[in-house]
Amino acid sequence: MALQCGIVGLPNVGKSTLFNCLSNAKAQAANFPFCTIEPNVGVITVPDERLTQLAELVNPQKVVPNTIEIVDIAGLVKGASKGEGLGNQFLGNIRATNAIIHVLRCFDDDNVIHVDGSVNPIRDKEIIDTELQLKDLDSIEKKIQKVEKAAKTGGDKEAKKAFEVLTIYRNHLLEGKSARSAAVSEEDQEYIADLWLLTAKPVLYVCNVDEAAVNTGNAYVEQVKAAVKDENAQVLVISAQIESEISQLETYEERQMFLDDLGLTESGVAKLIKAAYKLLNLATYFTAGVQEVRAWTITQGFTAPQAAGVIHSDFEKGFIRAEVIKYDDFIKFGSEAAVKEAGKLGVEGKTYVVNDGDVMHFRFNV
């Protein structure tokens with residue numbers, strides 16, 4: 001499941017520093033690999049303590065974690081929606097991603113010059129938002145032109161409904177608001193699904209702060225939280241400078257000591273990866289055997305046959321049943337055999353909705 005999060009932000013906000021930290025395996029944990037697909041695309045392991053716990057109990061030959069792709073989107077300037085600078089490339093790269101990580105500068109430092117001369121994360125956010133909204137507005141207007149005549153003159157109920165929904169989005173965008181915050185039902189969102197609207201994508205705002213604010217935040221962070229309160233978006237506080245220093249340390253133990261000194265339980269990069277995984281509406285189930293303990297990525301709400309299909313399409317086609325162990329039960333009893341003996345192994349059919357953390361074994365016939 002090659003799902004991507006795109007990192008966006010104005011120059012000198014810390015976007016590239018964070019991407020470089022992500023590209024350094026040492027910044028994340030003891031053994032989190034990273035590989036480059038293209039110069040600006042990396043495959044990054046999702047930290048998951050549950051996988052480590054299962055591997056310690058099963059002692060398999062191989063451990064395979066979940067991964068997601070992170071894309072460092074090319075820079076943006078005002079007018080990008082009309083093709084200025086790298087605008088077309090920038091917007092095209094965002095359209096190809098499933099979610100957006102928007103890095104905002106929330107620190108003062110006279111040695112790091114801001115592209116607009118002063119630190120103002122709300123202004124920075126609005127610059128990028130405006131360009132994305134203008135591009136979306138253009139897409140909406142073009143589709144309205146296609147359905148408007150049938151909606152107003154004919155008896156085409158579908159065209160009329162499409163026109164109504166598109167008009168809601170057009171008015172919302174004209175107010176300077178992103179599509180993700182429009183008051184439209186999930187069912188009606190299908191009318192704009194083919195447009196792949198940039199501002200409809202889920203977004204995570206990353207406030208890049210200095211060391212003094214990494215635990216408590218600051219006034220800039222509070223401004224960001226207030227500005228995005230209606231967007232159903234998460235705000236994460238990270239210090240790119242700290243992450244850069246962590247990435248220079250050689251051993252896992254050194255990195256943990258560094259975090260302890262700062263009063264942190266895990267690195268900001270690890271938090272960012274976990275948040276990105278959640279942003280993509282993903283969940284994890286596990287398979288656990290002596291040959292391999294593996295984390296599998298699914299979309300929230302997948303049924304057992306759909307989850308089986310992630311392993312192989314034949315598993316979904318020939319699905320018979322799923323044997324399910326709750327993660328907590330596996331840890332409590334220590335092995336699959338002990339779970340069975342305790343009567344805690346569940347046998348589920350085609351309608352079973354997989355829970356995050358389920359340990360599963362599939363029976364199928366092809």
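Which residue of strand 7 is the bridge partner of Arg-105? I looked this up in a predicted model. The partner is Asn-208.

**Entry: the whole chain**
I began with the totals. The protein chain holds 13 helices and 13 strands. Of its 366 residues, 48% are buried. I then checked contacts between residues at least 6 apart in sequence; 69% of them join residues at least 24 apart. The chain exposes about 18000 Å², and carbon and sulfur atoms supply 48% of that area.

**Entry: neighbours of strand 7**
Next I went through the pairing. Strand 6, residues 99–105, runs parallel to strand 7, with six bridges between them. Strand 8, residues 234–238, also pairs with strand 7 in the parallel sense, here over five bridges. I followed Asn-208 across to strand 8 and found Ile-238 as its bridge partner there. The chain gets from strand 7 to strand 8 by way of helix 6, residues 219–227. I noted this β-α-β crossover as right-handed.

**Entry: side chains of strand 7**
Is strand 7 enclosed or open? Six of the six residues in 203–208 are buried, so the rest of the structure largely encloses this strand. Buried here means under 20% relative accessible area. I sorted the side chains by direction. Val-203, Tyr-205 and Cys-207 point one way. Leu-204, Val-206 and Asn-208 point the other way. Both sets are buried. In a regular strand, side chains alternate between the two faces of the sheet.

**Entry: back to Asn-208**
I close on this residue. Asn-208 is buried, is the bridge partner of Arg-105, and has Ile-238 as its partner in strand 8.

Terms used:
Residues are numbered from 1 along each chain as its sequence is written. This is a predicted model: local features need pLDDT of at least 70, side-chain atom pairs count only at pLDDT 80 or more; totals for chains, interfaces and linings use all residues. Side-chain values use heavy atoms; hydrogens and water are left out. Buried means under 20% relative accessible area, exposed over 50%, partly exposed in between (1.4 Å probe, protein chains only). Helices (H or I, at least four residues) and strands (E, at least two) are DSSP runs, numbered from the N terminus. Two strands pair if DSSP finds at least two bridges between them. A crossover is right-handed if, with the strands pointing away from the viewer, the path from the first strand over the helix to the second runs clockwise. Contact means heavy atoms within 4.5 Å. Accessible areas come from the Shrake-Rupley method with a 1.4 Å probe; for residues, only the protein chains shown count as cover.
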